Amino acid sequence: DVVWLPHLLQNDIFRTNVGFVNTGETEARVQVTFFDTSGAELAARSRTLGPGAWLQLQEPFSRIAGRTDIDAGYATVRVQSGQGLIAYASVIDNRTNDATAISMKR
């Protein structure tokens with residue numbers, strides 16, 4: 001199962017965090033892949049979450065992909081095992097720290 005997290009930014013004005021929640025009763029494994037504005041793949045990471053676990057990747061475009069010039073990036077999230085996984089992103093204004101939630105899209 002693959003979902004999308006669209007409209008992600010990492011630049012001087014905004015930053016993005018990406019998170020996952022395992023609402024299932026068994027362990028879940030997820031792979032997240034980050035893309036720039038042109039659709040070029042920047043980086044991919046897999047993580048395992050126990051039942052009821054929550055994980056948030058802080059500024060993955062910067063910290064994982066090494067990019068701070070993302071004006072319209074996106075991420076795909078593939079559930080490799082488990083059920084009940086929820087993915088989200090938050091785009092945060094660097095000046096005010098106000099966040100906008102980005103829900104997963106199929």
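Visitor: Where does E59 lie?
Guide: E59 is located in the loop between strand 5 (54-58) and helix 1 (60-63). Please keep in mind that this is a predicted model.

Visitor: And what is the phi of E59?
Guide: Phi of E59 is near 45 degrees, which is a positive value in a residue other than glycine.

Visitor: What about H7, what is its phi?
Guide: For H7, phi is near 60 degrees, again positive in a residue other than glycine. H7 belongs to strand 1, which covers residues 2-10.

Visitor: Is H7 buried or exposed?
Guide: H7 counts as exposed, because its relative accessibility is 60% and the cut-off for exposed is over 50%.

Visitor: How many bridges link strand 3 and strand 4?
Guide: Strand 3 (residues 28-35) and strand 4 (residues 41-49) pair over 8 bridges in the antiparallel sense. Within that pairing, A28 stands opposite L49, and V30 has R47 as its bridge partner in strand 4.

Visitor: What sits between these two strands?
Guide: Strand 3 and strand 4 form a hairpin with 5 residues between them. In the turn, G39 has a positive phi of about 95 degrees.

Visitor: Which strand 6 residue is the bridge partner of V30?
Guide: In strand 6, V30 has V79 as its bridge partner, while the partner of Q31 in strand 6 is R78. Strand 3 and strand 6 (residues 70-81) run antiparallel and are joined by 7 bridges.

Visitor: Is strand 3 mostly covered or mostly open?
Guide: Strand 3 is mostly covered, with 6 of its 8 residues buried.

Visitor: Now the sheet with strand 5, please. What is its strand order?
Guide: That open sheet of 4 strands has the order 5-2-7-8, and its pairing is antiparallel. Its edge strands are strand 5 and strand 8 (99-103), each of which pairs on one side only. Neighbouring strands here are turned by 20 degrees against each other on average, direction ignored.

Visitor: How many bridges join strand 2 to strand 7?
Guide: Strand 2 (residues 14-22) and strand 7 (residues 85-93) are joined by 9 bridges and run antiparallel.

Visitor: And which residue of strand 7 is the bridge partner of N22?
Guide: The partner of N22 in strand 7 is L85.

Methods: Residues are numbered from 1 along each chain as its sequence is written. This is a predicted model: local features need pLDDT of at least 70, side-chain atom pairs count only at pLDDT 80 or more; totals for chains, interfaces and linings use all residues. Side-chain values use heavy atoms; hydrogens and water are left out. Two strands pair if DSSP finds at least two bridges between them. Buried means under 20% relative accessible area, exposed over 50%, partly exposed in between (1.4 Å probe, protein chains only). Axes are lines fitted to C-alpha atoms, for helices over the stretch in contact, and angles run from 0 to 180 degrees between N-to-C directions.
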